[in-house]
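Here are some notes for your read-through of this model. Please check them against the coordinates.

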Number of protein chains: 2
Amino acid sequence: MTSPAEQAQSLTPTAIEAAYGLIQPYVHRTPLLTCKTLDSIASTPQSPESLVGTPFEGQTPASPKFRLFFKCENLQRIGAFKARGAFHALLRLIEARGEKEVRQRGVITHSSGNHAQALALAASTLNIPAHIVMPSISTSSKIAGTRSYGANVVFSGSTSVEREAVVAEIQAKTNAILIPPYDDFNIICGQGTTALELNAQYTEQVRSERTLDAVITPIGGGGLNSGVATFFSDKSTRVFGAEPAHEGADDCRRGLQAGERVTRVSTLTIADGLRTPVGLLNWEVISNKRKVEGVFAVTEEQIKAAMRLVLERMKVVVEPSAVVGLAVCLFDEEFRRRVEEEGGEKGWDVAVVFSGGNTTVEAIAKLFG
Amino acid sequence: MTSPAEQAQSLTPTAIEAAYGLIQPYVHRTPLLTCKTLDSIASTPQSPESLVGTPFEGQTPASPKFRLFFKCENLQRIGAFKARGAFHALLRLIEARGEKEVRQRGVITHSSGNHAQALALAASTLNIPAHIVMPSISTSSKIAGTRSYGANVVFSGSTSVEREAVVAEIQAKTNAILIPPYDDFNIICGQGTTALELNAQYTEQVRSERTLDAVITPIGGGGLNSGVATFFSDKSTRVFGAEPAHEGADDCRRGLQAGERVTRVSTLTIADGLRTPVGLLNWEVISNKRKVEGVFAVTEEQIKAAMRLVLERMKVVVEPSAVVGLAVCLFDEEFRRRVEEEGGEKGWDVAVVFSGGNTTVEAIAKLFG
């Protein structure tokens, strides 16, 4: 096994392009949408009152100019970008081990969320048996969703120790191969195809020599953000990350401040896709200042406010985790100052990745009822 | 004044094409989306239990094949198809009376819903003063939305008598010209452009000689349905209408059965855009069997079930009124039998018009919380 630092060296734009060639037949080219109403809201200074209690209290609110481009991975297959990584990791596994061996052994993962459904879909599409270990407290819609792709759902307790024990047990029986959710070279390359696609769509849409000024994505385990940062690592587009701040879910931001990866997180943020700490290989990319320029964190109320705007104004359904990047653009005064200072009169063209849309009307009711 | 029957004679596909030429610079070409999951759900027979208590109880559930094409007027400007009619009526008014007269007198309407915002937008775009009479009990988001386009919002009581009194009062003072919400030749032609657009998009997308088998739209006042039926009146595509059944909101269906237009409706259906009776000129079109082949009605629970599917599976936000056509495809056994019988093995390509998406997270919470 090569070390994460060595593996990170191979994370190049070329690797993302190769991944794209492989997964293209299996994933949607999701739309890159714009919304004048959101541009105008984001380009309006916050009220002085909203800065009370922040380091910017008493200062003139920033007046940045945003043109936002929303990469709608909520409209991706299984409702999240995770389909990209799962297809890529499985296709590479088949390439490396041969179809026969992979089909005989099967694959396994533990996830209560979008990675479970993504791997189940990829496995059923490629005719590979899949075992998905889910906490028995998972919502019934997620269990049903995963089962609907024909995966063998196995229940476990909800701590990582309990989950890993069940995985080990099934592996002992079946010899199934683990496909991890984010801390994996091929998963990262798969998620990075989001960047390749949105960059091409941006160029098609703006029809000029302009390049994207920045991209911002959510950070949970960091698969999406490190993949996107890999793709842009030889381009002028800046890459940023966004996290929820609630109960220490901003492990990546805190890790960057401390100069050391935070390895444990225990949070019940409403952005339930972002409750995990950043993975090792992901950290190698994200902690590289030349690849990711900054990570920002937002409050639960800011996530809800951004989610409301997307549902009510853009009319697209997003899950709370999907909008942390937009919430940074709308509410993080440090980020907004930077856009004002560096973007000036012209402002910034910012791509915001909506990572997923897997929520239910009951969950929306619980958030806003 | 010509009679509705005479006016109806001039409602031709050519009139819709002319309307489109006029409004095209002002409205969005909204997407025509497909969704394999919804196709598959619609193409699955209902359970025998779900037919208990209906005329189809004890019979084998129909097994129709649907390929659905969703015309997303929820993504139209102001979030509903109403922008089409409002721009068209106002542009025609300016054509007929001259910009100077219309600007001096202004325009007026009474509406608590999407027509209010649509006329406010059209008027502000064309620099015409607009007075919008809204019931004082309107939700604050709708009042704010209408005001945000610079319209003069005037409050009234909520009965039609009270609203019309306020309109008369303002007209006496300002000589403002009334732009009605649906019972109007130019409004109908404007809404009919929805059909022209979706038909062109369908042809682009299927890339074959196939033609659309059917279109289904909601019916409130009937502006959208009569406009769509006008456009398809010289084509093979069948046009259907959909209404809520709750508390007699299915006035159009009942009127067709009785052979006479129902002129009064008092319902609090959750499909709040469809609480009005069908207009006179609209009735001339809709009651013509060669133009509209049938009108179906769905229950509140069926509307909610359809809305849930659209939000959770398609990830687009729709208001309850928008999904009555989809609810007919999913749940109306009579309609489903017809698709099975006439569509056979091949099935039907059906365009479903999502009329609007103006709802709030609180309203979603109230429906599903």
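1. Conventions. Two strands count as paired when DSSP finds at least two bridges between them. Helices (H or I, at least four residues) and strands (E, at least two) are DSSP runs, numbered from the N terminus. This is a predicted model: local features need pLDDT of at least 70, side-chain atom pairs count only at pLDDT 80 or more, and totals for chains, interfaces and linings use all residues. Residues are numbered from 1 along each chain as its sequence is written, chains are lettered from A and ligands numbered from 1 in the order written, and side-chain values use heavy atoms, with hydrogens and water left out.

2. Sheet in chain B. Four strands form an open, parallel sheet in the order β5-β4-β3-β6. β5 (152–156) and β6 (177–178) of chain B are the edge strands; each has a single partner, so one side of each lacks a neighbour in the sheet. β3 (residues 107–110) of chain B pairs with β6(B) over two bridges, in the parallel sense. There, B:V107 stands opposite B:I177.

3. Contact means heavy atoms within 4.5 Å.

4. Sheet in chain A. Six strands form an open sheet of mixed pairing, ordered β1-β2-β10-β7-β8-β9. β1 (32–33) and β9 (294–298) of chain A stand at the edges with a single partner strand each, so one side of each has no neighbour in the sheet. Strands β2 (residues 66–72) and β10 (residues 348–354) of chain A run parallel, joined by seven bridges. A:F66 has A:W348 as its bridge partner in β10(A).

5. Interface area. The contact takes 20 residues from chain B and 20 residues from chain A. About 1600 Å² is buried between the chains, 63% of it from carbon and sulfur atoms. Buried area is the accessible area (1.4 Å probe) that two parts lose on being put together, summed over both. In chain B, B:K315, B:V317 and B:V361 lose the most area to chain A, together 39% of what that side buries.

6. Salt bridges. How many salt bridges lie between chain B and chain A? The count is two. The criterion is a side-chain nitrogen of Lys or Arg within 4 Å of a carboxyl oxygen of Asp or Glu. A:E362 and B:R308 meet in a salt bridge at 2.5 Å, N to O.
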